Amino acid sequence: MNKKIIYTLGISLSLIVLTVLLSSYTGLYDMYIPARRVKNIILLIGDGMGVAQISGTITVSGDQLNMTTVRNIGFSKTQSYDNYTTDSAAGGTAISTGTKTRNGMLGLAPDSSVVSLITELLRDQKKMSFGVVSTSAVTHATPASFVAHNADRNDYEGIALDYVMNKPDVFIGGGKANFDNRKDHRDLIQALRDEGYEVVFNMEELQKANADRVAGLLAEGHMPGFSEGRDYMLAEATQKAIGLLSRNKRGFFLMVEGSQIDWGGHANDATYVLEETFDFDTAVGVALRYAAQDRGTLVIITADHETGGLTIPGGNLKDKSIIARFTTEGHTGVIVPVLAFGPGAEQFTGFYENTGIFDRMKGVLRLK
């Protein structure tokens, strides 16, 4: 499918200045001195985001991306245990557990035995807080990879129960129906409240939330697309999650997913891909700004896989346009970038398996 995109992102200059802090401050890396030890990790996953998705968004945004300011760059190999082309469940599990598993499985080894999530390790060993933020339902594969153990990524009600059982300190996204409109008639929203959660259902309520545990269930299913009125929810939710999690002086882990880059790839819709990649980058900007101020925070930006087989055979820098071509409506097996900023960032350079992201995170946090 061939598709020519002549597209300029409709963003005010003031918003660009606000969210693209690092790219407007070219001296940051010369002045920035990270702490010797990693206290916090913010892991941002652009679902389906390969090199072409980033390259196209660089062009249409006029080279206004936060992620392009990061200097420590590596690549991960994304194959799952049983397939050259991973799905998001196996891809997310590789990152969250250091174990390659079968497509469709969450937090389990290929033989269905339970493997420890990094969120479980850091909570058990260091009493750190953790959270997830997503533009999909929180019960979808990538956020679920950091909370759940389930042989079926489509068991959304079972995954919702894992949220109640495993108690992430903050989780924000869609998926309300999996908590209160269930086949078993259980009211998991009340169960969350019984566990001390402040449960909120829109961005206005989220901004006012102040409890130690916050569940933001902002849509019945998935969040709407950026062009459908979601606005800058991902960046704002990331900022809120950091503010809540950073109360823990022992540190925190936050996973932020830009889910719908993947959906644009499946649809072979280049405009959708570019909008969602830019939106994801605004959340990257929030994380990098916090890390630059905090100095003990490691930011990792990566993908679970590439979607769509996107190529860019041509474009025009002057009018910020690209020619986009897709080779598939599914995922591909190509390597994806890993960008890192902060203490320990140099550990993420080079080529390695997707499980190597877990190994490196575990190493810099000094987990057993």
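Predicted model: local features only at pLDDT ≥ 70, side-chain atom pairs only at ≥ 80, totals over all residues.
Me: How do you know what helix α13 should span?
Reply: The expected span is 1.5 Å times one less than the number of residues. For the 25 residues of α13 (residues 270–294) this gives 36 Å, and the end C-alpha atoms are 36 Å apart, so the two values agree.

Me: What caps the N-terminal end of α13?
Reply: The cap is D269, which has a side-chain oxygen 3.2 Å from the backbone nitrogen of T271. That distance falls within the limit for a polar contact, a pair of N or O atoms within 3.5 Å; within protein, one atom must be able to donate a hydrogen and the other to accept it, and residues adjacent in sequence count only if both atoms are side-chain atoms.

Me: Why is N248 called buried?
Reply: Buried means under 20% relative accessible area, exposed means over 50%, and partly exposed lies in between, with a 1.4 Å probe and protein chains only. N248 has 18% relative accessibility and therefore counts as buried. By that rule, 22 of the 25 residues of α13 are buried as well.

Me: What does the side chain of N248 reach from its loop?
Reply: From the loop between α11 (233–245) and β8 (252–258), the side chain of N248 reaches the backbone oxygen of K127 at 3.0 Å, and a polar contact of 2.8 Å joins it to the side chain of S129.

Me: What makes the protein as compact as a globular protein of its length?
Reply: The protein has 14 helices and 15 strands. Its radius of gyration is 19 Å, close to the 21 Å that the globule rule gives for 368 residues, so the protein is as compact as a globular protein of that length; the radius is taken over C-alpha atoms, and the rule is 2.2 Å times the number of residues to the power 0.38.

Terms used:
Residues numbered from 1 in each chain as written. Heavy atoms only, no water. Helix = DSSP H or I, 4+ residues; strand = E, 2+ residues; numbered from the N terminus.
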